Amino acid sequence: MSEIRHVAVMTSGGDSPGMNAAIRAVVRSGYHYNLEVFGVRQAYLGLCNSDIERLDTRDVGGIIQKGGTILQTARMPEFKEDNNQRLAVRRLNEHGIDALIVVGGDGSLAGALALHKRGVKVIGIPGSIDNDIWGTDMSIGVDTALDTILESVDRLRDTASSHERVFLVEVMGRNCGHLAIVSALVTGAEYALIPEVPVTMEDLGKGIEEAYLKGKSHAMIIVAEGANLKVLDIAKYLNEHDIGFEVRTTVLGHVVRGGRPTCFDRLLATRLGVEAVEALIAGKSGIMMASEGRSIVERSLEDVIGNKRDLNPHYAELAEILTR
Ligand code: ADP
Ligand code: F6P
């Protein structure tokens with residue numbers, strides 16, 4: 001018999017497509033295992049403000065296909081402070097909640113670890129489009145974000161090739177180049193500029209000019225938002241140095257974060273949500289459920305927060321071979 005009776009779920013940090021599928025999985029599996037389930041609105045901010053409501057199985061009907069998060073999310077930098085973490089523990093106790101499931105990025109998981117260290121039973125679920133979380137092959141939302149980037153870049157390419165243009169396309173990802181390099185690989189872009197591999201303006205300019213001289217009709221350059229060169233500076237440089245092509249910039253921004261989650265993200269979120277509930281019932285805490293190959297595995301939150309995820313080095317090699 002589990003000592004856990006009341007479990008709460010929250011989504012935190014940047015929203016990502018598939019978070020609703022995770023909420024649904026937690027709620028439905030919670031009731032399956034005779035738990036009562038609560039939703040915390042607006043992440044740690046809502047927790048500190050006692051914005052907590054009971055969720056029934058019917059409350060999560062019709063949400064699996066929706067982007068964003070029905071529980072909303074928030075950033076609360078002050079949650080790093082002792083007094084707010086103590087207040088959060090108090091709020092959970094006031095609502096009789098025995099355990100918390102946090103769906104979010106590495107910042108949100110740091111918050112989860114802080115609560116675990118204060119004696120709260122906590123399980124993390126990786127949810128972020130950036131794919132910068134250590135210990136999991138994929139986070140919820142990455143696959144959908146990539147699909148959105150692909151569709152956008154494919155469309156931009158039509159104009160780029162019709163007008164002999166260079167398109168500089170900025171994509172999100174914070175300090176991680178995963179979205180940029182993978183989307184460059186699968187759209188056939190000429191370059192991916194990523195934070196992990198700084199480049200000089202001169203080398204980039206030379207490369208684009210070579211593409212023009214070789215007779216290419218256009219060039220697509222995917223620029224991660226965290227890359228050492230910024231799209232507007234690159235555009236200025238290319239305009240000042242005649243490289244053959246006309247130059248245009250597009251910042252995809254938050255467009256990439258929204259939309260219907262893909263099959264992959266719905267399935268990943270569903271599996272992680274159910275396994276998180278099962279882990280709590282098995283008495284686990286202080287861990288993140290993660291995907292590894294075809295399996296769902298456990299990682300300690302200490303390891304998740306203490307390690308930096310590396311970009312798959314194979315992608316950089318592939319880009320070197322294919323994106324010219
Ligand atoms: P993400 O979870 O997507 O990485 P953030 O880095 O903005 O997004 O973190 C989301 C929230 O998690 C923050 O606004 C804050 O409330 C909480 N958080 C971030 N870092 C910590 C930390 N070191 N300790 C406690 N809480 C944190
Ligand atoms: O972490 C997800 C993310 O979309 C990053 O890619 C981006 O840097 C950041 O969040 C943007 O945050 P905000 O929505 O607060 O502008």
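**Ground rules**

I number residues from 1 along each chain as its sequence is written, and I letter chains from A and number ligands from 1 in the order in which they are written. Since the model is predicted, I kept local features only at pLDDT of at least 70 and side-chain atom pairs only at pLDDT 80 or more, while totals for chains, interfaces and linings use all residues; side-chain values use heavy atoms, with hydrogens and water left out.

**Entry: the seven-stranded sheet**

I started with the open sheet of seven strands, which runs S3-S2-S1-S4-S5-S10-S11 with mixed pairing. I took helices (H or I, at least four residues) and strands (E, at least two) as DSSP runs numbered from the N terminus, and I called two strands paired if DSSP finds at least two bridges between them. Strand S3 (52-55) and strand S11 (295-300) are at the edges with a single partner strand each, so one side of each has no neighbour in the sheet. From one strand to the next, the twist averages 30°; axes are lines fitted to C-alpha atoms (for helices over the stretch in contact), with angles from 0 to 180 degrees between N-to-C directions.

I then looked at strand S4 (residues 99-104) and strand S5 (residues 121-126), which pair in the parallel sense over six bridges. Ile101 is found opposite Ile123 in S5.

Which strands does helix H4 lie across? I found helix H4 (residues 106-117) across S4, S5 and strand S10 (287-292), at about 165° to S4, where contact means heavy atoms within 4.5 Å. Helix H1 (residues 19-32) lies across strand S1 (6-11), strand S2 (36-40), S3 and S4, and runs at about 155° to S2.

I noted 16 salt bridges in the structure, each a side-chain nitrogen of Lys or Arg within 4 Å of a carboxyl oxygen of Asp or Glu. One of them joins Lys121 to Glu3, with the closest N and O atoms 3.4 Å apart. This pair ties together distant parts of the chain, since Lys121 is in strand S5 and Glu3 in the segment before S1, 118 residues apart.

**Entry: ligand 1**

Ligand 1 has 17 residues around it (a heavy atom within 4 Å), and Arg75, Met76, Asp106, Gly107 and Ser108 come nearest. For polar contacts I used pairs of N or O atoms within 3.5 Å. An oxygen atom of ligand 1 is 3.0 Å from an N or O atom in the Asp106 side chain, and an oxygen atom is 3.0 Å from a polar backbone atom of Gly107. The protein covers 83% of the 550 Å² of accessible area that ligand 1 has on its own, by the Shrake-Rupley method with a 1.4 Å probe.

**Entry: ligand 2**

Around ligand 2 I listed Arg75, Ile129, Asp130, Met172, Gly173, Arg174, Glu225, His254 and Arg257. Its oxygen contacts include 2.5 Å to an N or O atom in the side chain of Glu225 and 2.8 Å to one in the side chain of Arg257. Alone, ligand 2 exposes 400 Å², and the protein buries 73% of that.

**Entry: the four-stranded sheet**

My last stop was an open sheet of four strands in the order S7-S8-S6-S9, with parallel pairing. Strand S6 (residues 165-171) pairs with S9 in the parallel sense over six bridges, and Glu170 has Val251 in S9 as its bridge partner. Helix H5 (residues 142-163) packs on this sheet and touches S6, strand S8 (219-224) and S9.

Notes: Polar contact = N/O pair within 3.5 Å; in protein donor to acceptor, adjacent residues only side chain to side chain.
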